[in-house]
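Grab a pencil and work through these exercises with the structure open beside you. Try each task before you read its solution.

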Amino acid sequence: MTYPVLPFSSALSGASRLSSFVAVYTDAPDGGDFLSITPRVMQWNRHTFILDLSHVTQYWTQIASEQDLSFTEFLPKLFESLSHRPSCVTIADHPWRALVALSVALERPTLSFLDVQSHLGRKILHDVSWTNWLALCRELRDHLLATGSKNIQASFSAMTKTIERMRLSNISQMADVEATAMQRRFGKLIATAWDWTWGKQRSLFDETFIDGFPWQGVTYKESPKISRYLESSLREWDHIAPLLCEDLNKICNLNCWTSSERVVSLEWVLSFSCSPSLRIPVLFRHPHALHRESGHHKTALLQAFYSWQNAMRSRKKPEADGETYLSDDAVTEWSVSVAERLIMPSSIQSLFKDDLSTESAQLRDLENSLPVPLVSYTTTDHWSPERSFTPTHAQNIKDLQNIPFGHIARLAMNQRRPLFMYDHPEPLAEKHQSSAMVFCERLATSWWTDTAPSPRGTCRNYYVRMTDDGLLQWVFQNDDGSLCLHGLYG
Amino acid sequence: MVAAEVLEILSDNRIRTASSNHPKSLPVTSATTANNPQEVKLCFGISALDELFSGGLAFGTLLEMGIPFGNGGRRLLVQFIAAASSGASDGQRHWCLWISARQQPAAYPPAWQALGVDLQRLRFAWSASPVGDLKFALLNDLFRVIVIDHPAPLKPDDHVFLAQCARQHRKIIVVARDGFLDPRDSNTAAKYRLNIWRPAHQNILEITPVRGLHRSTKVSSFFQHPNFKIDP
């Protein structure tokens, strides 16, 4: 039975960070159209898939903002538009937490979309049964074995006996047990899964996995790829670029993919005459329509150039009189392939507007051409200066701008704050209050949470301070009377 | 050639004259604007500055400013971006780009929003070599107002390139430097050059022209507080 993917508002609100891992339960035999949302998809078991959205978050955030939605609010609509609609979706900051929450959500038919970091999500995690949790641990062990991990210590029988003896039903009943204690009795795998469940980062066995998680991505049936053997070795970009452009044209003409697909990353593997081959990832900030630029491939060549420059810089050989390139380091052959792409069904093709008619599309096109990102910010309703704004692509829920009082109060507060702020306040040598200081505001520092800003203290008294050399500083006085510089008025 | 350029500007429906649409804009009386009624200007929303620039900054202008960092002078630039991005200047919500070569302290967007900046129309970029890294943004028609906040002086060639970008793509490009500008500098690419500074223990900003303008002016500093005690 399929339920509509419509979340409760409490299933999304309260999340402090953006979730980029999605666990999906679907009846679709091949995982549905998930490769149209992200190129990074893993099949966990027959019906469960995990999606890593970290590389496409910025893109989907922009599409969401065009509809006046945040990324998290837009996701349910995106899943709704798929031809095989999933019956249950959970999102989290770690794939394991998304899976754990999914096991609970599946038992509650009305809970079809849940952010694990939301108020409701945090509650739901406490309802996970030991049966479900241990079943997931066994699947984790199988995936680790499949990826070639050895020396996996997990004493499932001891764990089961302990739970039965203590008559425990939910994992929350042991929430205060440290992972080190779990590891001593039940092995490293269970201890690591325990840490992941409660939101602690811990790498398991192999650093190459995503967040220590045994990621095994779904592979494409066929990847567009072209190899080139150079008649004469090349060193300069100006000589390489026309040939690379030819190869990109050939890739566009291959039959194994279509013009509706969007490229997220290319892989360019270079072989050198005197040194090992070099793998250069060419990443696009937004899914790129490679076919649209057939003939010139301006965007792809620009990103390839930036990646080439960075790679060549890292290959410089230090010498006594400075840095020089390896003398005989010339490219003799290469292969270029489409490493990650979005394969779109017709149902969501309308989201990919390539005609550059809208300003948003022009902006995305421009961002794909630049070596540095263009960042936009959005404000939040938090009183703390450090948490009162966030990059738009990391925004979880649209803020409370529709509440007039909250908006007006924030505006009044922010009008007295500086235009430029330090990420980390800098202690000032002077301890005594200067006469040229005017009180601005007093703030509590959310000392009761783990995310309290540094330096620690219960409250801060903010002042505008005018220095003898004319600087207008935004400083605060801590509980101990010490002054810290937090911002400048520009 | 000139006629073609004029036609191109007039056909650009994104641009309207400051005098026709901006309710806050001052009456445009300068000789320059009177002779060129099609000249398109964006105003600061600060009457003293708009008077100084005869109604605002025209599209196609490169402006160089010497503003010691932390003195409060960049607030004028943020107010200019607020007017441009929110549509208060000419009724059009222009895309703006703030390029900074300084990693810390970084922009604090809530304060910018409180000044009227539409954060949806503003993008920030960080680059130590802004002209090289952001070349395609400078050559692109999307961003109409670009501020380069760069502590050190740019190269003369960079100024020439920026002036060309501003002229050919009808942008307003502002280069803000930490140090004061010197009349002996050989930067002739910028149409206007001026210094902004706040005298010690005074709540005013003094604007002193170095090139392109013929008189100084003063604007009140944002920080006006009755309890502010200034050392004698």
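**Exercise 1.** Find out what percentage of the residues in chain A is buried, and how many helices and strands the chain has.

*Solution.* Of the 490 residues in chain A, 36% are buried. Keep in mind that you're looking at a predicted model. Next, go through the secondary structure: chain A has 12 helices and 18 strands. Finally, look at the contacts in chain A with a separation of 6 or more: 66% of them link residues 24 or more positions apart.

## A helix tucked inside

## Where the two chains meet

**Exercise 2.** Describe the side of chain B that touches chain A: which elements supply it, and what kinds of residue does it hold?

*Solution.* Count the residues first: 40 residues of chain B are in contact with 38 residues of chain A. Then pick out the elements that give two or more residues to chain B's side. These are helix H5 (74-86), strand E5 (106-107), helix H6 (109-114), strand E6 (122-126) and helix H8 (135-139) of chain B. H6(B) provides the largest share, six residues. Now sort the residues on this side by type: 24 are nonpolar, nine are polar and seven are charged.

**Exercise 3.** Trace the open sheet that includes E5(B), and name its edge strands.

*Solution.* Walk across the sheet strand by strand. The order of the six strands is E15(A)-E16(A)-E17(A)-E18(A)-E14(A)-E5(B), and the pairing is antiparallel. At the edges you'll find strand E15 (437-444) of chain A and E5 of chain B, each of which pairs on one side only. Zoom in on the join between the chains: strand E14 (residues 420-427) of chain A runs antiparallel to E5(B), with two bridges between them. There, Phe420(A) stands opposite Ala107(B). E14(A) also pairs with strand E18 (residues 483-488) of chain A, in the antiparallel sense and over four bridges. In that pairing, Glu426(A) sits opposite Leu485(A).

**Exercise 4.** Where do His297(A) and Arg170(B) lie, and is each one buried or exposed?

*Solution.* Here's the background: most residues other than glycine have a negative phi, and most peptide bonds are trans. His297(A) isn't a glycine, yet its phi is positive, about 50°. Look for His297(A) in the loop between E8 and helix H10 (298-314) of chain A. The cut-off for being buried is 20 or more other C-beta atoms within 10 Å. His297(A) has 23 C-beta neighbours inside 10 Å, so it counts as buried.

Arg170(B) also has a positive phi, near 50°. Its loop lies between H9 and E8 of chain B. With 20 other C-beta atoms within 10 Å, Arg170(B) is buried. Compare His169(B), found in the loop between helix H9 (156-168) and strand E8 (172-177) of chain B: because it has 18 other C-beta atoms within 10 Å, His169(B) is partly exposed.

For a peptide bond to check, go to Gln104(B) and Pro105(B): the bond from one to the other is cis, with omega near -5°. Pro105(B) is in the loop between strand E4 (95-100) and E5 of chain B.

## Nonpolar cores

**Exercise 5.** Which residues of the largest nonpolar core touch the most other members?

*Solution.* This core has 81 residues, and the ones to pick are Ile81(B), Cys96(B), Ile146(B), Val147(B), Ile173(B) and Val174(B). H5(B) gives the most to the core, eight residues. Apart from this core lies another, of 79 residues, including Phe186(A), Ala193(A), Leu244(A) and Met344(A). To finish, follow Ile173(B): leaving aside neighbours within four places in sequence, its contacts are Leu62(B), Ile146(B), Leu162(B), Cys165(B) and Ala166(B).

Conventions. Residues are numbered from 1 along each chain as its sequence is written. Chains are lettered from A and ligands numbered from 1 in the order in which they are written. This is a predicted model: local features need pLDDT of at least 70, side-chain atom pairs count only at pLDDT 80 or more; totals for chains, interfaces and linings use all residues. A residue is buried if 20 or more other C-beta atoms lie within 10 Å of its own, exposed if 12 or fewer, and partly exposed in between; C-beta atoms are placed from the backbone. Two residues are in contact if their C-beta atoms, placed from the backbone, lie within 7 Å. Ala, Val, Leu, Ile, Met, Phe, Trp, Tyr, Cys and Pro count as nonpolar, Asp, Glu, Lys and Arg as charged, and the others, Gly among them, as polar. Two strands pair if DSSP finds at least two bridges between them. A nonpolar core is a set of buried Ala, Val, Leu, Ile, Met, Phe, Trp, Tyr and Cys residues joined through C-beta atoms within 7 Å.
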